[in-house]
Amino acid sequence: MENAELKYVEVVLPLAQPMYTYCVPEGISLTEGDGVIVPFGKNAVYTAIVWRFVTKPSQHNVKSIIEKAYTVPFVSQRKMKLWEWIADYYMCTIGEVMRVALPSMIKPHSKTTDDFRKFLPKTETFILPGELSTTLCETYQKKYPKRRQILDYVSERGSVAKKDFPFSHAILKALVQDGLLVLQQRESLHSLSSQEFALPKLSSAQQEAFNSIQEAFKGQTTCLLNGVTGSGKTEIYMHFISEALSRKEDVLYLVPEISLTPQLENRLRSIFLDCVTIYHSALTSRQRTDAYTALLHSRGGNIVLGARSALFLPLENLGLVIIDEEQDTSYKQTEPNPRYNGRDTALMLAHIYGAKTILGSATPSLESYVACRQGKYQRVDLMERFGGAQLPKLILCDTALCRQRREMHGEFSKFLLDAIRQRLNAKEQTIIFQNRRGYASYVECKECGWVPKCPKCSIPLTSHHSKMVCHYCGHTIQIPLQCPSCASTLKMHGYGTQRIETDLQKFFPDARILRLDADTASSYTSYSDIIKTFSEGGADILVGTQILTKGLDFGNVTLIGILNSSSLLNNVDFRSSEHTWQLFNQVAGRAGRRSKSGQVVIQTPVPTHPFFKLLGFQCYSDVAQSLLQERKDFFYPPYVRIIRILIRHTKREVLQEAAAKFSEMLRARFGARVFGPVAPLIERLRNEYRQEMLLKIEVESSFSKARDILREELLKFQDMPNFKYTTIIFDVDAI
């Protein structure tokens with residue numbers, strides 16, 4: 001709606017700031033959601049979003065908007081509604097939402113007016129019909145039939161992208177010089193899909209699941225597809241995507257990790273061709289901006305595949321949202337603000353647009369399981385692997401017993417090494433899972449116990465061969481040749497993926513070994529190369545961290561080795577049992593996905609642990625019931641909502657005083673619902689000391705009111721002069 005008659009607008013800046021009022025100069029016509037260029041502070045210039053029109057300014061010394069930034073609004077009315085929900089629910093500013101929602105090039109800013117460079121959308125050359133007189137028409141018909149064919153080709157289509165022009169560019173140049181064709185620069189547009197797609201044929205089990213979801217969508221908007229690993233959930237998604245495209249609707253396909261996009265991209269493009277847009281943080285700023293602006297002009301028929309940030313793209317004909325691996329904690333942004341959960345935010349997005357949602361998982365989250373039980377979602381089970389493939393056999397290997405028998409070689413049992421050797425002889429592939437990257441966990445002096453620690457963070461440095469690195473702030477040093485305290489020999493403790501790779505190469509010198517972790521897959525390209533090499537049989541063994549446990553499809557993998565499984569079970573997180581069960585099942589699901597049977601060897605010193613009795617592919621309900629009872633007994637989600645309150649300061653004494661004061665204020669309002677403050681496992685991070693509290697709110701209580709009270713108490717606390725430089729962060733639905 002045009003509001004040119006109003007003189008003032010409130011705008012959102014990509015900062016942790018409230019909205020600011022600006023004057024609209026005469027001659028500039030604006031709409032809510034428009035991008036505008038504004039002065040801010042003494043000399044800075046920012047790109048801002050027009051949020052609302054007002055009749056009176058909310059502050060003195062109102063500045064004027066410099067100019068409109070773009071031809072169409074950056075943000076639609078419905079996306080603005082989503083931004084407002086995120087800011088309210090996750091307790092941050094709309095400016096912080098803007099910071100993650102828009103690609104950087106679309107919101108340029110500078111410290112001075114002279115340095116500001118306005119955003120210019122990418123354009124491409126299009127060929128349009130020019131003027132053609134009757135005389136020229138007759139001449140071309142007789143003398144230049146080829147040129148006439150070209151003119152008719154362009155005329156029939158109205159316009160043709162120059163890059164797609166199928167004729168000689170020399171002839172094109174001549175026709176342009178004669179004025180018979182015209183070249184025009186304009187923005188690239190996403191065109192509507194109007195073709196038939198060659199979809200994969202569904203098995204009887206897949207078809208039954210597809211029909212069940214279709215039936216569920218008649219009464220509900222959200223469905224949980226609970227399918228075992230290798231059951232073919234992706235093929236079912238493709239059939240629903242095709243239906244959405246036939247209605248000219250957009251599809252949002254979310255995955256928890258960037259690492260899952262290469263294989264999925266290839267599969268989607270093989271069927272849906274140019275309808276697919278990829279969007280995630282590993283793309284260049286230019287690529288993300290081009291995708292955003294192209295979709296701004298789209299009229300529907302797009303598939304967007306990406307990580308959580310893709311839910312902010314301008315898909316105004318959104319009809320279907322797919323959230324694959326919905327249980328994955330990577331959907332949660334841990335820092336900075338907004339600390340949103342991509343799965344939950346995508347559900348709200350679908351609600352705002354009236355779109356259907358499919359949540360997919362082989363190991364659903366307890367929250368989704370309970371939502372199904374309460375009737376909020378419909379649950380459809382797919383317990384059969386595609387193509388008749390059998391679920392892998394799970395084998396527990398007692399490493400304590402192996403050590404007694406002297407059958408352990410480093411981190412490998414003789415049983416696992418023999419199993420790897422069998423696969424090498426059979427030309428089959430193996431995956432080794434170790435949930436720690438680097439070479440060793442830490443280095444320690446054998447005599448005095450000195451351990452090199454990060455000077456900015458209260459954690460030991462992790463060994464990476466000749467250097468040691470802090471995995472939190474990146475601080476790096478060379479490994480000392482001897483202890484700087486007593487000059488004694490240093491010893492390495494623990495095994496990371498780098499050391500596992502080195503040991504495997506010693507055990508199997510002729511084996512081709514790849515490693516997949518945050519060090520080797522530091523870019524999207526390097527990750528894709530490793531996955532492609534292994535998929536095509538270019539390596540025999542793949543060693544990796546959690547990055548390789550999700551959604552990857554390797555046809556020749558028949559053995560999975562899980563090392564040091566107890567370290568996951570001993571995590572202090574209340575979700576550790578749930579996450580470990582999910583992780584084991586996900587990584588185990590990479591084996592035996594075709595005709596060859598698979599085997600999963602889980603090494604543990606405590607094979608009698610109650611957890612292992614629940615381990616398996618067909619017992620999800622038993623696992624859920626057991627874990628839910630534990631959550632209920634100890635007052636944890638999904639029976640409560642949790643807000644983690646993190647308090648930071650550079651001085652420990654000030655921090656302790658601030659934490660004690662703020663917890664006292666909260667207990668006066670919330671009583672026994674407040675837990676802490678306590679120092680977290682990593683007390684000091686990036687030169688700041690930290691304390692944290694938990695606020696637990698029963699699901700029956702008003703969560704909105706609880707957040708309002710927190711905001712009130714924070715404002716009171718911030719007015720106290722003793723705590724002026726104390727930082728308090730709210731992490732809603734903390735993982």
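Visitor: Which hand does the crossing of H7 and H8 have?
Guide: The crossing of H7 and H8 is right-handed, meaning the near helix is turned clockwise from the far one by less than a right angle. Keep in mind that this is a predicted model, where local features need pLDDT of at least 70, side-chain atom pairs count only at pLDDT 80 or more, and totals for chains, interfaces and linings use all residues. Residues are numbered from 1 along each chain as its sequence is written, and side-chain values use heavy atoms, with hydrogens and water left out.

Visitor: OK, and at what angle do the axes of H7 and H8 cross?
Guide: Roughly 45 degrees, and the axes of H7 (residues 233–246) and H8 (residues 261–272) come within 12 Å. Axes here are lines fitted to C-alpha atoms, for helices over the stretch in contact, with angles from 0 to 180 degrees between N-to-C directions. H7 and H8 are therefore oblique to each other, since under 35 degrees counts as roughly parallel, over 145 as roughly antiparallel, 65 to 115 as roughly perpendicular and the rest as oblique. The helices themselves are DSSP runs (H or I, at least four residues), numbered from the N terminus.

Visitor: Which residues of H7 and H8 make the contact?
Guide: On H7, they include Met 238, Ile 241 and Leu 245, and on H8 they include Leu 264, Leu 268 and Phe 272. Contact means heavy atoms within 4.5 Å.

Visitor: Switching over, how do H1 and H21 cross?
Guide: Their axes come within 10 Å and cross at roughly 65 degrees; H21 covers residues 703–718. That makes H1 roughly perpendicular to H21. Ala 87, Asp 88 and Tyr 89 of H1 touch Phe 703, Arg 707 and Arg 711 of H21.

Visitor: What about H1 with H10, at what angle do they pack?
Guide: About 145 degrees, with axes 10 Å apart; H1 is residues 77–89 and H10 is residues 342–353. The crossing of H1 and H10 is right-handed too.

Visitor: New topic: how many residues has the largest nonpolar core?
Guide: It has 81 residues, and Trp 83, Leu 252, Ile 645 and Phe 662 have the most contacts inside it. Such a core is a set of buried Ala, Val, Leu, Ile, Met, Phe, Trp, Tyr and Cys residues joined through side-chain atoms within 4.5 Å. Buried means under 20% relative accessible area, exposed over 50%, partly exposed in between (1.4 Å probe, protein chains only).

Visitor: Which helix gives the largest share of this core?
Guide: Helix H20 (residues 652–670), with 7 residues.

Visitor: And what does Phe 662 touch?
Guide: Leaving aside neighbours within four places in sequence, Phe 662 is in contact with residues including Ile 645, Met 693, Phe 717 and Phe 730.

Definitions and conventions:
Helix = DSSP H or I, 4+ residues; strand = E, 2+ residues; numbered from the N terminus.
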